[in-house]
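Me: Please pick a single part of this model and take me through it closely. I would like one connected account, with the cut-offs spelled out as you go.

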Amino acid sequence: MTYFADLAPYSYSPVPGSFPKLLHVGWLEAGHAVPAGAVDAESTDRLARLCAYAKVAVTRGRYRCHLPQCPTPFATVVVDGDDIGLGAAEIWLPGPGGVWYAAPDLIYHYVTEHDYRPPDEFLVAIHSEDAGKFTETEWRALIRADRAAQDPD
Ligand SMILES: [Zn+2]
């Protein structure tokens, strides 16, 4: 993946106009320090479900983890017995005051295998009842609408 500092304004791919305060979380890469710290089991479980079932910005290619000493570069997450691949999508979820967070779905792997600790405000946001409700279908519709607005042909 490309590296972006936690809570930097999102700039990886086109941002739908309806997300003026979209921030990066968990865009880690070799050569950049990993913010480390414990994440409680409840938050890890919640993150597992979001990374398994709330994917947006799905790509055809699959990124592997590039962090040093990675035990499983082609990462997966097991939820309810399903082994689901990571590295080809993001999760977007709302925070306070119009903020949204965009994390690669590899964030689950970073937390569980590399001791990464996301910012506190993100760990709060994953427990919101609105987290996980923004779907790939909605994401694609917003991207299409924005493209149409910029290029009215
Ligand atoms: Zn890894």
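Reply: Happy to. Leu7 is partly exposed, with 15 other C-beta atoms within 10 Å. On this scale, a residue is buried if 20 or more other C-beta atoms lie within 10 Å of its own, exposed if 12 or fewer, and partly exposed in between, with C-beta atoms placed from the backbone. Please keep in mind that this is a predicted model: local features need pLDDT of at least 70, side-chain atom pairs count only at pLDDT 80 or more, and totals for chains, interfaces and linings use all residues. Residues are numbered from 1 along each chain as its sequence is written.

Leu7 sits in the segment before strand S1 (21–24). Helices (H or I, at least four residues) and strands (E, at least two) are DSSP runs, numbered from the N terminus. Leu7 is not a glycine, yet its phi is positive, at about 70°. Ala57 is another non-glycine residue with a positive phi, of about 55°. You will find Ala57 in the loop between H1 and strand S2 (76–79), and its 19 C-beta neighbours inside 10 Å make it partly exposed.

The chain has four helices and five strands, arranged along the sequence as β-α-β-β-β-β-α-α-α. Its radius of gyration is 15 Å, close to the 15 Å that the globule rule gives for 153 residues, so the chain is as compact as a globular protein of that length. Here the radius is taken over C-alpha atoms, and the rule is 2.2 Å times the number of residues to the power 0.38. The C-alpha trace spans about 50 × 35 × 30 Å along its principal axes. Of the 153 residues, 27% count as buried. Two residues are in contact if their C-beta atoms, placed from the backbone, lie within 7 Å. Among contacts between residues at least 6 apart in sequence, 71% join residues at least 24 apart.

From H1 the contact takes Thr44, Leu47, Ala48 and Cys51, and from H2 Ile107, Tyr108, Val111 and Thr112. These residues divide into six nonpolar, two polar and no charged. In that count, Ala, Val, Leu, Ile, Met, Phe, Trp, Tyr, Cys and Pro are nonpolar, Asp, Glu, Lys and Arg charged, and the others, Gly among them, polar. An α-helix has 3.6 residues a turn, so residues three or four places apart point the same way.

On the H2 side, the buried residues are Ile107, Tyr108, His109, Tyr110 and Val111. Their cover includes H1, S2 and S5. After H2 comes Asp115, with a positive phi near 60°.

On the H1 side, compare two residues. Ala52 lies in H1 and is buried, with 22 C-beta neighbours inside 10 Å. Leaving aside residues up to four places away in sequence, Ala52 touches Val77, Val79 and Ile84. Asp45 is also in H1, but is partly exposed, with 13 C-beta neighbours inside 10 Å. Val79 is 34 residues from Asp45 in sequence and 8.6 Å from it in space, C-alpha to C-alpha.

Finally, the core. In the largest nonpolar core, of 33 residues, Cys51, Ile91, Tyr101 and Ile107 touch the most other members. Such a core is a set of buried Ala, Val, Leu, Ile, Met, Phe, Trp, Tyr and Cys residues joined through C-beta atoms within 7 Å. H1, strand S4 (90–94), strand S5 (99–104), H2 and helix H3 (120–125) each supply at least two of its residues. Beyond residues up to four places away in sequence, Ile91 touches Leu50, Cys51, Ala54, Lys55, Val56, Ala103 and Asp105. H3 also holds Asp120, which counts as exposed with 9 C-beta neighbours inside 10 Å.
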